[in-house]
Amino acid sequence: KQVTEEARAAVAAAAAAAATTAAAEESAKMEASIKLLEQKLDEEFVNARSLEKEKVRVEGEKMALEQMKEQLEAEKSQVEAEKVKAEQEKGALQEQVAKTMRMFQEQLAQTVKMAAMLQAQRILGAATGGPGGGGAAAAAPVPTPVMPLPQELDEPPTRDEIVEYGKYIGMDVVEDADLLYIAEWALTAPLSEGWTVHLDGEGNEFFYNAATNHSTYEHPMDEHYRQYYRKMKEQKQLSRMAALKHGL
């Protein structure tokens, strides 16, 4: 009986030891699992923080792109407005050029009439023995006309005559060589209605208006072409400035 009891105690002790060992092993496994889980959670937390930072960065870039898009849209609208303005200016300039060409074509038919007056002056001056220049005569009193000069066709003005007249009306014949056509127009334009051209006793040309009984050594249209030259020069300068502004 005593042996039996001892055997039973031994069995119970062995069972208790075995249970303790199993519990320890299970606890160790649980500790390892918990540590592994905590490690994974730490990694997930780090990844989450990294993703949050990346989200903030992407949102910032998106906002910057939106602002850039708005700026580009504003610049596009400005360019479109400038384009429309440039087209309008181009149309106005083309209209002005067309108008100028029409004037040129109209006056081209009268190209040699003023030359005819000058030729007549030379012929009559040679016949009377008077001087051909008008500088000294311009200071003398304008005479009363007797007979107008004939309006006959003759050769057009020379290049030198055009240049000299251009200087006379204040033209910069070097910088505004492209506007010398105005001087040619002036030299070949017919007299205004009511005016006739005559020669004084010394063979100098002067102009007379029968309606006003006014005589002058200066061509009645000189001031008109002087003002027209100034206007065209101003338009040329404005066109040049506009071209520079738009990068044309």
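Start with helix 1 (2-108), which gives the second largest pocket the largest share of its lining, six residues. Helices here are DSSP runs (H or I, at least four residues), numbered from the N terminus. A pocket is an open set of points on a 1 Å grid over the protein atoms alone, where a 1.4 Å probe fits, with protein on both sides within 12 Å along at least five of seven lines; lining residues have an atom within 4 Å of a point.

Before you go on: this is a predicted model, where local features need pLDDT of at least 70 and side-chain atom pairs count only at pLDDT 80 or more, while totals for chains, interfaces and linings use all residues. Residues are numbered from 1 along each chain as its sequence is written, and side-chain values use heavy atoms, leaving out hydrogens and water.

The pocket holds about 310 Å³ of space. Now select Glu 89, Lys 90, Leu 93, Ser 239 and Ala 242: of the 13 lining residues, these are the closest to the pocket's centre. Sort the lining by class and you get seven nonpolar, four polar and two charged residues. (Ala, Val, Leu, Ile, Met, Phe, Trp, Tyr, Cys and Pro count as nonpolar, Asp, Glu, Lys and Arg as charged, and the others, Gly among them, as polar.)

**Stop two: helices 5 and 6**

Next, select residues 180-188 (helix 5) and 222-245 (helix 6): their axes, lines fitted to C-alpha atoms over the stretch in contact, come within 10 Å and cross at roughly 160°. Helix 5 and helix 6 are therefore roughly antiparallel (over 145 degrees). Show Tyr 181, Ile 182, Trp 185 and Ala 186 from helix 5, plus Tyr 225, Tyr 228, Tyr 229 and Met 232 from helix 6, to see the contact (heavy atoms within 4.5 Å). That's eight nonpolar residues, with no polar and no charged ones.

Terms used:
Axes fitted to C-alpha atoms, helices over the stretch in contact; angles between N-to-C directions. Helix = DSSP H or I, 4+ residues; strand = E, 2+ residues; numbered from the N terminus. Parallel < 35°, antiparallel > 145°, perpendicular 65-115°, else oblique. Points joined across faces, edges and corners; volume = space filled by probe spheres on them.
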